[in-house]
Amino acid sequence: MSSELTGLTLATARDGLAKGDFTSVELTQAHVAAVEAVRPLNAYITETPEKALEMAAESDKRIAAGKAGAMEGLPIAIKDLFCTKGVLTTAGSHILDGFHPTYESTVTANLFGAGAVMLGKVNLDEFAMGSANMTSYYGAVENPWKRKDDKKTKLVPGGSSGGSAAAVAARAALAATGTDTGGSIRQPASFTGIVGLKPTYGRCSRWGTVAFASSLDQAGPMTRSVRDAAIMLGAMAGFDPKDSTSMDKPVPNFEAALDGGVKGMRIGIPREYRMDGMPAEIEKLWQQGIGWLKGAGATIVDIDLPHTKYALAAYYIVAPAEASSNLARYDGVRYGLRVPGQTLQEMYENTRAEGFGREVKRRVLIGTYVLSAGYYDAYYLKAQKVRSRIAGDFRDAFDHVDAILAPTAPNAAFGQGENMDDPIAMYLNDVFTVPASLAGLPAISVPAGLSAEGLPLGLQIIGRPFDEETVLRAARSLEDAADFDTKPDFIAGR
Amino acid sequence: MSLDKATVARIAHLARIHVPEQDLEPLAGELSTILDWVEQLAEVDTDGVAPMTSVVEMTARWRKDEVTDGDCAEDVLANAPEAEMGFYTVPKVME
Amino acid sequence: MTMLEGRTGSWEVVIGLEVHAQVISNAKLFSGASTAFGAEPNSQVSIVDAAMPGMLPVVNERCLEQAVRTGLALGAKINLHSVFARKNYFYPDLPQGYQISQFEEPIVGEGEVLVDMEDGVTKTVGIERLHLEQDAGKSLHDQSPAKSFIDLNRSGVSLMEIVSKPDMRSAEEASAYVSKLRSILRYIGSCDGNMQEGSLRCDANVSVRKPGDELGTRCEIKNVNSLRFLRQAIEYEAARQVEIIEDGGTINQETRLYDSGKGETRSMRSKEEAHDYRYFPDPDLLPITLTPEFVETQRAALPELPDEKKNRFIADYGLSIYDAGVLVAERDTADFFESVANGRDAKIVANWVISELFGRLNKAGKDINDSPVSAHSLGGLIDLIADDTISGSIAKKVFDDMFETGKEAAIIVKEQGLEQVTDTGAIEGIIDQVIADNPDKVAEYRGGKDKLFGFFVGQTMRASQGKANPGMVNDLLRKKLDG
């Protein structure tokens, strides 16, 4: 029974609760056990079983009273970047030691308001900086998938939302929140065989979510089906007057938008995404995706996104620059870690040296440098202009197409410890996800096939601003055609 | 190499991150690699292009001038590593 | 032009000022916490002001309005597009690790302020820009031997930084400029101008040069909190620079602090380390866009400004430039004057307000708003003079009484029987008595000593306890003595 419950989707669990097949408390108990069972993956930083069961009991009451919300009674994991009232919030960093927010982030408040049950806070790269979930102060997260011929090597789940991805893939949560700055939802989704949706910038409030790069950060759902992504996004999204960059637009019924298929839809295939040295299996998967969409009635159009090549470099200026400023507040004065010093300056320098990990320090220093006197124009300003070019490329493309199809990542999950010596090799993981981030566009990764090593690979659909409906509809069509049902090696309760 | 040891020491101080002397050189190397790599942006023609300042095509929304917050010193100080008499405290600042 | 005399000749002092004016608003610039002064530590702090993780700023519309109103009052260009930027530095009372300010694109551009100097010359001081920014919290260093205490109540309160051009040439000009700026801010209600409480603070950039030379190296004197200190600090600093240069030295560009106890400026070495603020547009805030309609609405709602009012007082009431300038310096004073002057002789009213009322208020350390004599009451007193109920000299006594007791003039006059005597018979009787009492003086007068006339007037007035109508006393005395 219990592995049956943890194997459900949000949609099927919701329907089961509505029919009275099981209660939220039963569903949650099964998941609490699953959370314990997947401890070897190190997906959760903080487990909150008591809180989960309390919330589930409340949900059961609301379901009985006919007052169920969109996520009523559904147990999910929360990326530990979202501030949760009274529950330790770490951002995967030593510097937030012992931090218990006195407030609830808008996204989690929205989810809980819709009835969602919190199983705990899941691991991530420190301050969401990473593509392998190797930089967390709370340790690396292991991907529940193994290579077909190598069951020993521990693989990364991708990052930064690696804990979210691992928990969802291993059936230790029905779904999880993620955040995406340059690919942190989509790339781990691709690495773990789940669905990850980065909404349009401004769709989900950033209030109460620990900031990495303010102009890029966007929360989104990580689920096991496209339908689930639609359901969960509907509950997370919405205008928030506390976030000046939140868009005052009504939230459509995303689930209703799933039907209809891609017949007549124009799907763009960007030439520039065919990069030198792209593995043949990625190219093959992409062609497969093109075939599926064409088969479902879409028109395939070759498009140009001429500045794609420069997206990664622009991103690795803009994101560290904003981060260097956003992370200045971690100074040991008002919360988190304080490492003493003889003087105030020493206290600052010791606290931040010990509190931040290596990758965070590297990015803070790069960011500080590119904003410093004499370099601002050459780096930051130039990168923001290149970013305008990239956004312009997409705008032009969307004059001709309704959505864009591309691979999510240039490779499948790799081994823990690989790519660690060369930051740029690590950064290249984001090559296909960063352009949409820079342009603020909605993009989803859908599991589409397996690599030669037997690891999941995702395809990505990118859409127009605030047109998540088209993105979801195209994703649903891909999902249908791919019919991806391979399970990871490590599944809770099995 | 675009960054030397002294520059790394200067930006580390600006960022208030203590970097031990022996780490400056290797860090200068790492950071230089990244900076050399981003140099490729110079190839892009950005004449007459406005820098992207906001992703969403909109302008700032304004808040009404109403007192809706504050009066929560307990929350403000709840996570303080050190506080006394309602103040945060830090090692004495020499003016 | 004011020059500073050194051993090697005359030196010109060049001054530019940065004035930080706290915006009058209920809530802070980017949070809903209160701006009220003097609350318990950290009680007027929201979690946004404390820079808790994930907190975001949302701009307060009143602060934008106030900046635009101030810009309009300074005749300045209003920028329809402006940008908030982050100024990055570490300090314990700066919770975000950056101050949200405006850098390359401020909300207000160039304008000017007309400053009346005592010698009657009007000086134009250019405004470079006005921008909005957050105030920092407060660090208290003397509460404990080893620690500084941090209170964030001020953190995030909205300030306007008003930057002048280096147009001032003396400490007096600088002081008069701040005074005029303060007057304008108070008129439009964008800042209360209270320098003691720190609602208005200024930093002075001072340099010296030989006339006609390029600008010299400047030093910035930080956080001067009174006009007197501003004058002293500039004078000290200019003299210090001249001495160094004349001794063959050079001026280091640096930040200095005015020590009002010692009357000198000294280098703030702690602030000397190279600053690199790494400004960039705040990605949490979108650009501020104002519509021309918004600006016009603000313009239409501005009150009459000090210069307009002064010109009107001169034109409509026939006041002297000096009197008009004194009356319009504070809006409340100008309103008080106008309320009294309505339907009365404005020159007489101006004289009463400036010489009598201001004098007594100053002595009592009171504000026009706490004046024991209301505009209505002062009007009543002036009416009693005008209709000859009391004489001018009695009126001054009555005024003293009014100031003490707050009573109406008419009541005091009645209670004390101070009405002017205008009965010819009664005055003649007094005069007869004075003549009878002073036969010698009468003889001298009639012998040609005209000056003695004043003596008889004085005696008569005294005998009437000041109540006799002075004009009638004059006429009747002449008749009796000369006749």
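Across the interface of chain B and chain C in this predicted model, 21 residue pairs are in polar contact. On the chain B side, α1 (5–14), α3 (73–77) and β2 (87–91) each supply at least two of the residues that touch chain C. The largest share, five residues, comes from β2(B). Sorted by class, the side of chain B that touches chain C has 18 nonpolar, eight polar and 14 charged residues.

The contact takes 40 residues from chain B and 49 residues from chain C. Together the two chains bury about 3900 Å², and 60% of this area is on carbon and sulfur atoms. Trp62(B), Arg63(B) and Asp65(B) supply 21% of the area that chain B buries against chain C, more than any other three residues. Four salt bridges are counted between the two chains. In a salt bridge between Lys64(B) and Glu61(C), the side chains meet at 3.4 Å, N to O.

Strand pairing also links chain B to chain C. Strand β2(B) and strand β9 (residues 147–151) of chain C run antiparallel and are joined by four bridges. Opposite Pro91(B) stands Lys147(C), a residue of β9(C).

Within chain C, strand β6 (residues 111–116) is joined by six bridges to strand β7 (residues 122–134), and the two run antiparallel. Val113(C) has Val125(C) in β7(C) as its bridge partner. The side chains of β6(C) alternate along the strand.

In chain A, Arg334(A) lies in the loop between α10 (311–326) and α11 (344–355). Arg334(A) has a relative accessible area of 1% and is therefore classed as buried, the cut-off being under 20%. Its side chain forms a polar contact of 3.3 Å with the side chain of Asp331(A). A polar atom of the Arg334(A) side chain also lies 2.8 Å from the backbone oxygen of Pro95(C). Leaving aside residues up to four places away in sequence, Arg334(A) touches Arg329(A) in its own chain, Asn79(B), Ala80(B), Pro81(B) and Tyr88(B) in chain B, and Ala50(C), Ala51(C), Pro95(C) and Leu152(C) in chain C.

Notes. Residues numbered from 1 in each chain as written. Chains lettered and ligands numbered in written order. Predicted model: local features only at pLDDT ≥ 70, side-chain atom pairs only at ≥ 80, totals over all residues. Heavy atoms only, no water. Contact = heavy atoms within 4.5 Å. Buried area = accessible area lost by both parts, 1.4 Å probe. Polar contact = N/O pair within 3.5 Å; in protein donor to acceptor, adjacent residues only side chain to side chain. Nonpolar A, V, L, I, M, F, W, Y, C, P; charged D, E, K, R; others polar. Pairing = 2+ DSSP bridges. Buried < 20%, exposed > 50% of the residue type's maximum accessible area, 1.4 Å probe, protein only.
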